[in-house]
Amino acid sequence: MTAISIQNLHKSFASNRAVNEVSLNINRGELFGLIGPDGAGKTSLMRLIASLLLPDSGSVHVFGFDTRRDYRSIRKQLGYMPGRFSLYPDLTVEENLHFWATVFGTTIDRHYHLIEQIYKPLEPFKKRKAGQLSGGMKQKLALSCALIHSPSLLLLDEPTTGVDAVSRMEFWDMLQGLKGKDMTLLVSTPYMDEADLCDRIALMQQGKILSAGNPHHLRTQFIGRLWEVKTPQIHPLKQRLNALFGCEVAHLFGQCLHWTCQADMSIDKVEQVLKQFHIPIDSLREIEPGIEDCFIQIARS
Amino acid sequence: MEKDIIRVRNLTKKFGDFVANDQLTFEVKQGEIFGFLGANGAGKTTAIRMLCGLSKPTSGEMEVAGFDAYTQTELIKKNIGYMSQKFSLYDDLTIWENIRFFGGIYGLSRSAIRDRSKEMLTRLGIVNLSNRLIRDIPPGWKQKIAFSVAILHKPQIVFLDEPTGGVDPVTRRQFWDLIYEAIDQGITVFVTTHYMDEAEYCHRLSMMVNGRIVALDSPEALKQRFGSSSMNDVFVQLARSGEKSS
């Protein structure tokens, strides 16, 4: 069943086409990732879904309700955590939670089971002003407030941006914990490595959806074979390869080079190409493309 | 032997009872890319503020570009460059106006600003965009321009605080090409990042946990020491070890 249905959606700000001809369906109960860099249009798309922005053309339906006409029905079922911390800094932790519960006509106790795991570490600090919490605690409080009315749809706008690797893992663990509770989750992120934690994803750039589907499916769409090359002279090798093929076939991934070849190129031929540069090769193996490899390929084509 | 461009001995910064930086000791060699890693709240920003001459240590020794942390902070500021994801260029000024502003701040003459900006805009291939407002420039490009502006005065060392956060994968890699070009010009690069593949582009990495530097080595050596093939794994192991002890 469809939770969000988006058709031919357009939204511009002056000459900037923030959302450009987007069509997308998001199913009930799924954890869906909107993946793309800053300026891709992720926030605008989310605000259009949340009925906080109106489309220039096209439509968004959430649980069958139109975001133009039936925004009241949508907002009751919606939890939204914006990218910027947007709770009241001069209210305490508990007061913020109480406030949001009241706004949605409920109490903290009624759906406490939903936020228990997330809110527990905050309980000892419930008398502290929200503005004085650490980054990680602010985030837990914001998530608790977005969940307190037991929404059917939770929108999380870049919850892990600027967050270190460990805290990012913990945040995704929290999200996995919310799955299967009859809640649809839409999360945006600029980190490509978070794609595999989602049921389905859409890759976005410059207002457009480049590709959508489950992460595994997206990988199978990768064109050509991908080789991982390790060498002490990584930059010279990258430059030589790109010069030889006249386009960017090789990209740096940490201390390795990812080199995309035509599908019919055998390992013998690959080795032959590498040999002619007289650059020492430590290791060479064929690898499965990651979502970042896919993004680079689609974004450039 | 390369000389040390940053020398830090037992550097400590306290805020009241809270020890934000606890006896940091390390050096950064001239011409290297030094990665400064740590979890949120580990104390990276506090250390960077001291290294940039913006705040004074509580105790310990620190020399940046040959200048002292206590008595020569103004000289430190003149000899470094700085950019971050959050603050880089003014949105409501054009590219050219930003260049003129920052060039002026760093004390470059009018003719030097003109010559260097021309060279820079040509290299980036954006001569025809110089009268465009920064707010109309795509975010990835803005970061590339910001970096070029931060090294316009040819500083000895440039501090990059999460320079590529939110930047698309292709532009992120082009940004690192610029970093390597800066290294070729003899500029030392001090960088923080949450992207672990970028950590591997550094010559050496330090890892900060709860205000202390708990590891410092080349990416390869760190991976070997922790018996792991991924930098992400090394980071998680180190950061988690801090959680247990705190």
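Trainee: What makes the largest cavity a cavity, and what is its volume?
Mentor: The largest cavity of this predicted model has a volume of about 50 Å³, where a volume is the space filled by probe spheres set on grid points joined across faces, edges and corners. The term cavity applies because, on a 1 Å grid over the protein atoms alone, a 1.4 Å probe fits at its points but cannot get out, and lining residues have an atom within 4 Å of a point. Its lining consists of A:Tyr191, B:Glu162, B:Thr164, B:Gly165, B:Thr193, B:His194 and B:Tyr195. A search of the whole structure finds 3 cavities of 30 Å³ or more.

Trainee: How do the residues of that lining divide by class?
Mentor: They divide into 2 nonpolar, 4 polar and 1 charged, given that Ala, Val, Leu, Ile, Met, Phe, Trp, Tyr, Cys and Pro count as nonpolar, Asp, Glu, Lys and Arg as charged, and the others, Gly among them, as polar.

Trainee: Which helix gives the most to the lining of the second largest cavity?
Mentor: That cavity, with a volume of about 40 Å³, takes 3 lining residues from H6(B), which gives the most. Helix H5 (139–150) and helix H6 (169–184) of chain B each supply at least two, helices being DSSP runs of H or I with at least four residues, numbered from the N terminus.

Trainee: Why are H5(B) and H6(B) called roughly parallel?
Mentor: Their axes, lines fitted to C-alpha atoms over the stretch in contact, come within 9 Å and cross at roughly 10°. Angles run from 0 to 180 degrees between N-to-C directions, and those under 35 degrees count as roughly parallel, so the two helices are roughly parallel to each other. Their contact, meaning heavy atoms within 4.5 Å, includes B:Trp141 and B:Phe147 of H5(B) and B:Phe175 and B:Leu178 of H6(B); by class, the contact has 6 nonpolar, 5 polar and 1 charged residues.

Trainee: How should I read the numbering and the model?
Mentor: Residues are numbered from 1 along each chain as its sequence is written, and chains are lettered from A and ligands numbered from 1 in the order in which they are written. In this predicted model local features need pLDDT of at least 70, side-chain atom pairs count only at pLDDT 80 or more, and totals for chains, interfaces and linings use all residues, while side-chain values use heavy atoms, with hydrogens and water left out.

Technical notes. 1 Å grid on protein atoms, 1.4 Å probe; cavity = no way out; pocket = protein on both sides within 12 Å on 5 of 7 lines; lining within 4 Å. Parallel < 35°, antiparallel > 145°, perpendicular 65-115°, else oblique.
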